[in-house]
Every structure is written in structure tokens, then in C-alpha cells.
Amino acid sequence: MNTSKTENFDAIIIGTGQSGKPLALALANEGWKIAIIEKRFVGGTCINYGCTPTKVMISSARMAYLVSRSKEFGIHTGKMKVKLDEVRKRKNLIVKTFREGGKKSLKDNKNINLIFGNASFINKNEVSVKSKENNVRKLQSRYIFINTGASPMIPDISGLKDIKFLTSETIMDLNKIPENLIIVGGSYIGLEFGQMFKRFGSKVSIIERSSNILSREDEDISDEIRKIMIEDGIKIHVNCETISIKKIRSKLLKVFIKDSTKQKTITGSHILIASGIKPNTHELCLESAGIGIDDKNFIKVNDRLETNVDGIYAMGDVKGGPAFTHISYDDYRIIFSNLIKNKRESIRDRLVPYTVFTDPQLGRIGLSERECISKGLNYKAAVLPMKNVARAVETGETKGFIKAIVDIDTKQILGAAVLGIEGGELMAMMEIAMMGNLPFTKLRDGIFSHPSLSEALNNLLMKL
């Protein structure tokens with residue numbers, strides 16, 4: 001049943017991701033009457049398809065890895081068996097707990113109206129919401145916030161539409177461990193899933209079109225993590241274009257790839273497409289509100305996350321840029337501060353930390369060495385192998401290295417990369433120093449407990 005009556009709200013929020021949900025709660029606590037619209041599950045990509053489920057499954061894969069190494073530590077066990085259905089059950093339980101908790105927080109707030117359905121713009125102040133039962137509601141507000149996120153991008157590969165391929169969302173619902181998994185894409189998602197399923201028992205091949213995996217990182221980082229993946233038994237094909245895919249028989253696929261000199265084939269039982277993301281904008285009818293998008297359909301925003309239409313904002317992955325949960329949350333903080341507290345917060349020059357949850361982790365903050373060179377900065381880099389870190393040796397986790405880049409003139413830390421055990425946590429220490437504008441000498445001369453990973457910063461920065 002359709003309703004012709006238009007409902008009025010102080011704000012309409014489309015999407016319950018890591019910007020939308022906290023913004024709804026914060027504005028509601030200020031007394032605003034909020035309509036928040038969700039197409040499927042509360043929590044957005046992070047809770048339902050991204051951070052939470054993948055990291056839960058990665059923890060299971062690491063446990064399998066540790067069991068396989070137990071003899072190195074003098075611990076002898078029986079034959080290990082990975083039960084993927086039990087891994088999935090644990091993952092689903094944690095996801096459901098997080099999702100239901102978020103849903104409850106919205107429904108329990110008297111100023112929030114949680115509406116399930118597909119949202120689309122009627123004009124710059126009105127939104128239509130169509131439910132699964134084809135009921136339509138019309139909502140109106142002076143302020144509209146878009147937090148619809150992004151989805152896996154499916155490339156135009158010959159034969160791909162004729163097979164049952166996997167994405168970063170569907171691969172976590174497999175009932176059985178793939179015998180031979182082929183991954184198209186050697187960036188963060190491809191590497192995390194590749195290492196995970198190798199540790200579960202799959203044979204894994206990764207195809208990357210760039211000259212190296214994690215091609216946005218400095219060459220030494222990319223080289224080292226590629227070495228680690230190969231040591232784990234993963235086959236890496238770089239500088240390779242995926243030309244076509246053909247199903248040979250029910251459980252066998254043939255993938256045709258081409259490098260600069262020749263064409264070759266890889267056979268496997270499953271294929272994962274991990275070649276990027278696309279914004280969830282196609283159902284929003286943005287043109288009805290006159291909202292501008294770029295050539296990849298991401299919503300254009302200024303430094304305060306305002307679109308070209310007054311009163312309409314875009315937050316999180318749908319606006320392009322760094323696609324991380326913590327960045328989405330910071331988008332909420334900026335909008336709330338500017339809207340309610342009359343500040344002039346901006347996304348310009350904000351620090352963007354991130355962690356790739358391979359094993360070991362890659363924690364990154366600030367400028368890479370490649371960026372420093374392109375900017376013509378007067379910098380110096382220091383590198384410390386993890387095999388020279390006491391805590392890493394004691395725990396048997398010596399893969400990788402720590403890298404810090406500092407400005408020679410100001411002694412400020414410009415950036416850091418930690419490819420090692422708990423790399424994300426150690427990276428955060430250098431991020432805090434950067435936030436406080438501390439010269440690197442403060443960390444170099446700092447007293448950190450022994451034996452801990454943090455004291456590695458002493459030895460690293462002494463090299464400067």
C-alpha cells in the first residue's frame with residue numbers, strides 16, 4: 001500500500017553504517033526527530049560483510065596456523081582438522097550479536113524512526129522508501145545524509161557471468177573449504193582471504209595486474225609481504241591481466257591470464273573476485289536531487305562532506321577516498337561537530353591509519369617513502385627487521401620489519417609502516433606521536449617496558 005502523506009523529520013539518514021548510526025543517535029540525543037533508512041542489515045559493511053566477519057574468520061585461520069607450528073614451541077598435538085561450518089557458526093554468532101545490538105540502540109531511542117526499505121530521492125528535500133512488501137513512504141527534511149557504502153566491483157572478464165564466482169561477501173558463507181582457490185586481485189581483500197583459506201587447507205593462487213601485490217605501498221613493503229605469502233605456499237602472479245574464465249567441468253575452472261610476453265592458464269575449483277569496490281548509488285536516483293557524482297559514481301563532497309546540494313551530505317565509502325570503518329566514523333564526528341557545535345572541522349590533511357590483517361599485520365600511517373620523494377621532502381627512513389626485536393624472537397614471530405620516515409629538518413615523523421606481529425597496534429604508537437607533534441627523538445629516548453614490542457621503537461629510531 002502506498003501513502004500519499006509526506007512525513008516530516010529534522011534529518012533523514014540513508015544507511016546505518018559507521019557514520020549513519022552514530023549520527024542518528026547523536027542528533028536524536030540533541031532532540032532531533034530522525035528517520036534512518038536501511039535496505040537490509042543494521043551496521044553497514046563493517047559489521048555484516050567486512051571488518052567483523054573477516055577478522056573473526058582470520059582469527060580461526062591464525063589458530064590453525066599456530067597449531068601447525070606447535071612443535072616449534074615444544075607442544076605436540078594430534079592431527080588438526082578445520083571444520084568450516086563451525087568457523088562460520090562462530091562468525092555468524094558474533095555478527096548477529098553486533099548487528100542486533102546496533103539495531104536495538106536505534107529502536108530504543110524515542111526520537112529515531114528506523115525504516116527498512118530502498119531509498120530514492122524525489123527531490124532535494126524528499127526521499128521515497130519502498131519496503132519489501134512494496135509499501136511506499138515519503139519522507140521530507142531540510143537535512144539528508146547519505147551513508148549507503150560500497151559493494152564489490154565485478155570486472156568485465158569474458159566468461160565470468162557464466163560461472164558461479166565468489167565475492168568478499170559470499171566467500172564467507174561457503175560450506176566447504178575450496179580445494180583450489182583462484183583470487184583476482186592482489187590488494188588488501190585478496191591477500192587477507194588468500195592467506196586465510198591457505199591456512200584452512202586450500203591451494204591458493206593470486207592474480208594481480210600491477211607489478212606487485214599491495215601496489216600502493218612502498219616497494220620494500222610489497223616485496224616483503226609477497227615473500228611472506230610465497231613462504232606460506234601461495235602462488236603469486238603479478239603483471240598479469242585476467243583475460244577470460246571457462247568452466248571445464250562441474251568442479252573445475254580454467255582462468256586465462258596474460259603477462260607482457262605470453263598467455264598462460266590456471267586451473268582451480270573456485271574463483272574470488274577481489275578487484276575493488278563500487279559505490280552504492282545506483283538506486284538512489286541522485287539526479288532527482290541534482291547531487292553530483294564523479295566518473296566512478298562516487299558522490300562528490302567538499303572538505304566538510306557537503307555535496308553540491310545545500311543540506312545534503314555524504315559519509316563513508318559512498319563518497320570515495322579511503323574506505324575504512326574508522327574514516328567513516330570520523331566523517332560522522334566532523335559533520336556533527338560542524339552542524340551542532342558550529343565548528344569548522346575538515347577532512348583535509350587528517351591522518352588515515354589502516355591495518356591490513358594479513359599475518360603478520362601491516363599497520364600504516366602517514367606518508368610512504370614514495371610519497372615523500374614525489375613531494376620533494378627532506379626525509380630519512382629507518383628500517384628494523386622483526387628478527388632483531390626481542391619480543392618477536394621470544395614469541396617466534398620474526399617475519400617482516402618496522403619502517404619509520406622522519407623529516408630531517410623538523411624531526412617530525414612523516415609516516416610509518418609496521419609489517420610484523422601486532423603491526424596495527426605498534427603503528428598506532430607512532431600515530432599518537434604524530435598527533436601530538438612529538439619529534440622522533442621522544443620515542444627514540446622513551447622508556448618502554450621490556451620485553452615488549454613497543455621498545456623496538458628505541459632501536460628503530462636510533463638508526464636516525
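Reply: What follows goes through the network pair by pair.

This is a predicted model, in which local features need pLDDT of at least 70 and side-chain atom pairs count only at pLDDT 80 or more, while totals for chains, interfaces and linings use all residues. Residues are numbered from 1 along each chain as its sequence is written, and side-chain values use heavy atoms, with hydrogens and water left out.

A salt bridge here is a side-chain nitrogen of Lys or Arg within 4 Å of a carboxyl oxygen of Asp or Glu. The count by this rule is 28. One network of salt bridges links Arg62, Arg69, Glu72, Arg199, Asp232, Asp359, Glu397 and Lys399.

Within it, Glu397 pairs with Arg69 at 3.8 Å, N to O. Glu397 sits in the loop between α9 (390-395) and β22 (401-407), and Arg69 in the loop between α3 (51-68) and α4 (84-107), 328 residues apart. Helices (H or I, at least four residues) and strands (E, at least two) are DSSP runs, numbered from the N terminus. Both Glu397 and Arg69 are buried, that is, under 20% relative accessible area, where exposed is over 50% and partly exposed lies in between (1.4 Å probe, protein chains only).

Asp359 and Arg199 form a salt bridge at 2.7 Å, N to O. Because Asp359 is in the loop between β19 (354-356) and β20 (361-366) and Arg199 is in helix α5 (residues 188-200), this pair ties together parts 160 residues apart in sequence. Asp359 and Arg199 are buried too.

Lys399 meets Asp232 at 3.4 Å, N to O. Lys399 is in the loop between α9 and β22, and Asp232 in the loop between α6 (219-231) and β12 (235-237), 167 residues apart. Lys399 counts as partly exposed because its relative accessibility is 25%, whereas Asp232, at 16%, is buried.
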